[in-house]
Amino acid sequence: MKYLDEYRDGDVAARIVAGMRRIQTRPWVLMEVCGGQTHSIVKNGIDHLLPQGVELVHGPGCPVCVTPLEMIDKAHAIARRQDVIFCSFGDMLRVPGSDGDLFTIKSQGGDVRIVYSPLDCLKIARANPDKQVVFFAIGFETTAPANAMLAWRAREEQVNNVSLLVSHVLVPPALVAILQSPDNRVQGFLGPGHVCAVMGYSEYDPISARFHVPIVVTGFEPIDILHGVLMTLQQLEDGRATVENQYSRILDRAGNLPAQKLIGKVFEVTDRKWRGIGSIPQSGYRLRAEFARYDAENIFDVAEIATLEPEICISGEILRGIKKPHDCPAFGTQCSPQHPMGATMVSAEGACAAYYAYGRHLSPQGIDMLHRIAPASSAAPVHVESR
Amino acid sequence: MCLAIPGKVVETFEKSGMQMARVQFGGITREVCLEYVPETETGDYVLVHVGFAISRVDEAEAERTYQALRDLDQLTELESPVVDELEPGGYR
């Protein structure tokens, strides 16, 4: 606990917010990209700490949320097969498809297993040579090195009864899609820290330049996020638009080069559909042709599945920063984490699920956890001043 | 699930030609692949995502990040079942 204070200290938070107030001359809308940041913001009430007119909207950076329903239905169709052991990260098991979730399939006799590492699938495949072991390879760039290694090792070790159902997505093309939308409100981004730990952040330079938008790669702890907001505001108020790194204690411009190298050997960029948003050009990975025999979509005849999202759901607009969970009539009533109707409610890192978890369906302020990062004596004045 | 979790490398070893480690996260120890941070040594702290170290961090950062993730309930992936290497048909 001894290191905790510096990044959660109420006085530090108050100083950063005071700094924002000193420089801010007009309203600004910023988007945090990563679902972990969204969770931290809502849990700690960081959006309520900011000066009036500085608005945080919540981005598409929850991989479980944006995995398209068609892909989830494909996963379910494969997982129901008798000859398959279906492996997944635990987060995906509760995500409902058109007909139930992976837990339901498991309870009905499907062999569905939670794995910690994609490499666990190799062990399961070697132990079950009469079965096809299929891994649901979802995620952003942070997860890509792990998933790439499964395909690479399967080929190296000639474990030929393992395959990947790939639904990988990439952050930069999603930012472009958000900025190109005619109803875009976002003027600056808090970039995703752990994604950039893998990829570095040079690929954000052209986006920042083309749309004249500041992008500040930011951590997920409360003081990190406040600091990221301050750095973004400073650029906006100065009329600058560059990529800056708030999270330099974790990552640098280059990222993890060995990881990028293996990703490039195993995957290639492709168009991907995002749940709630639709198709975004060049926004994901698929296996390269050399790995075709490890591609579950080649092995199993799972035809294009037509799916329908509930009409009432506004998750697409929430993921693009146009609306907030409260703007949805179903939020907290028909739609809850127990019965999610759309992308932003299906995982704890989705904006709707985070709002719900911290009581914001009961009151817009939610059950604010501010007291956890700031003692009452220093937290209260900050909170009052900011309104 | 997009956040990496810091842990301490307590043992390094080679397996099937891959650099691996046992990494301690609070009270839980898991097997982690070191191929992406090959210079890692026993005693180092690494950020680990789904069984793969993606960067090295110092002890202070590791401690702080771990506590922050615990507060956000972001440690559940560590509780995923351990899959042991077994003979064909041995794991069910």
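B:Ser16 is exposed in this predicted model, with 11 other C-beta atoms within 10 Å. You'll find B:Ser16 in the loop between strand 1 (5-15) and strand 2 (18-25) of chain B. Its backbone is worth a look too: phi of B:Ser16 is near 50°, a positive value in a residue other than glycine.

Chain A has a residue of that kind as well. Phi of A:Gln282 is near 50°, again positive and again not in a glycine. A:Gln282 sits in a strand, namely strand 11 (residues 278-287) of chain A. With 12 C-beta neighbours inside 10 Å, A:Gln282 counts as exposed, since the cut-off for exposed is 12 or fewer.

Now for A:Tyr204, which is buried, having 23 other C-beta atoms within 10 Å. A:Tyr204 is placed in the loop between helix 10 (193-199) and helix 11 (205-211) of chain A. Leaving out residues up to four places away in sequence, A:Tyr204 touches A:Pro172, A:Gly191, A:Ile215 and A:Val243. As for A:Val176, its C-alpha atom is 10.0 Å from that of A:Tyr204, and the two residues are 28 apart along the chain.

| Residue | Other C-beta atoms within 10 Å | State |
|---|---|---|
| B:Ser16 | 11 C-beta atoms | exposed |
| A:Tyr204 | 23 C-beta atoms | buried |

**Chain A as a whole**

Chain A has 18 helices and 11 strands. Its radius of gyration is 21 Å, close to the 21 Å that the globule rule gives for 387 residues, so chain A is as compact as a globular protein of that length. Along the principal axes, the C-alpha atoms of chain A fill a box of roughly 65 × 45 × 45 Å. Of the 387 residues in chain A, 58% are buried. If you take the contacts in chain A with a separation of 6 or more, 77% of them are between residues 24 or more positions apart.

Chain A holds an open sheet of 5 strands, ordered 2-1-7-8-9 and paired in parallel. Strand 2 (54-61) and strand 9 (243-245) of chain A are the edge strands, each pairing on one side only. From one strand to the next, the twist averages 25°.

Inside that sheet, strand 7 (residues 188-192) and strand 8 (residues 215-218) of chain A run parallel and are joined by 4 bridges. A:Phe189 has A:Ile215 of strand 8 of chain A as its bridge partner.

Which residues touch the most other members of the largest nonpolar core? Of its 158 residues, they are A:Cys121, A:Leu164, A:Val229, B:Phe52 and B:Ala53. Helix 12 (residues 222-238) of chain A gives the most to this core, with 8 residues.

Take A:Leu164 from that list. Neighbours within four places in sequence aside, A:Leu164 is in contact with A:Phe135, A:Ala137, A:Asn147, A:Leu150, A:Ala151, A:Leu287, A:Tyr294, A:Asp295 and A:Ala296.

A:Cys121 takes us to helix 7 of chain A, where it is buried along with A:Asp120, A:Leu122, A:Ile124, A:Ala125 and A:Ala127. That makes 6 of the 8 residues of helix 7 (residues 120-127) of chain A buried, so the helix is largely enclosed by the rest of the structure. What do the buried residues of helix 7 of chain A pack against? The elements are strand 3 (84-88), strand 4 (111-114), strand 5 (132-139), helix 8 (144-156) and strand 6 (162-169) of chain A.

**Where chain B meets chain A**

In chain B, 38 residues are in contact with 49 residues of chain A. On the chain B side, two or more residues come from each of strand 3 (28-33), strand 4 (45-49), strand 5 (52-57) and helix 1 (59-71). Helix 1 of chain B provides the largest share of that side, 6 residues. By type, the chain B side divides into 20 nonpolar, 10 polar and 8 charged residues.

Two of those strands form a hairpin: strand 4 and strand 5 of chain B, with 2 residues between them. In the turn, B:Val50 has a positive phi of about 40°. The two strands run antiparallel and are joined by 5 bridges, with B:Leu47 standing opposite B:Ser55 of strand 5 of chain B. For strand 5 of chain B, 5 of the 6 residues are buried, so it is largely enclosed by the rest of the structure.

Conventions: Residues are numbered from 1 along each chain as its sequence is written. Chains are lettered from A and ligands numbered from 1 in the order in which they are written. This is a predicted model: local features need pLDDT of at least 70, side-chain atom pairs count only at pLDDT 80 or more; totals for chains, interfaces and linings use all residues. A nonpolar core is a set of buried Ala, Val, Leu, Ile, Met, Phe, Trp, Tyr and Cys residues joined through C-beta atoms within 7 Å. A residue is buried if 20 or more other C-beta atoms lie within 10 Å of its own, exposed if 12 or fewer, and partly exposed in between; C-beta atoms are placed from the backbone. Two residues are in contact if their C-beta atoms, placed from the backbone, lie within 7 Å. Two strands pair if DSSP finds at least two bridges between them. Axes are lines fitted to C-alpha atoms, for helices over the stretch in contact, and angles run from 0 to 180 degrees between N-to-C directions. The radius of gyration is taken over C-alpha atoms; the globule rule is 2.2 Å times the number of residues to the power 0.38. Ala, Val, Leu, Ile, Met, Phe, Trp, Tyr, Cys and Pro count as nonpolar, Asp, Glu, Lys and Arg as charged, and the others, Gly among them, as polar.
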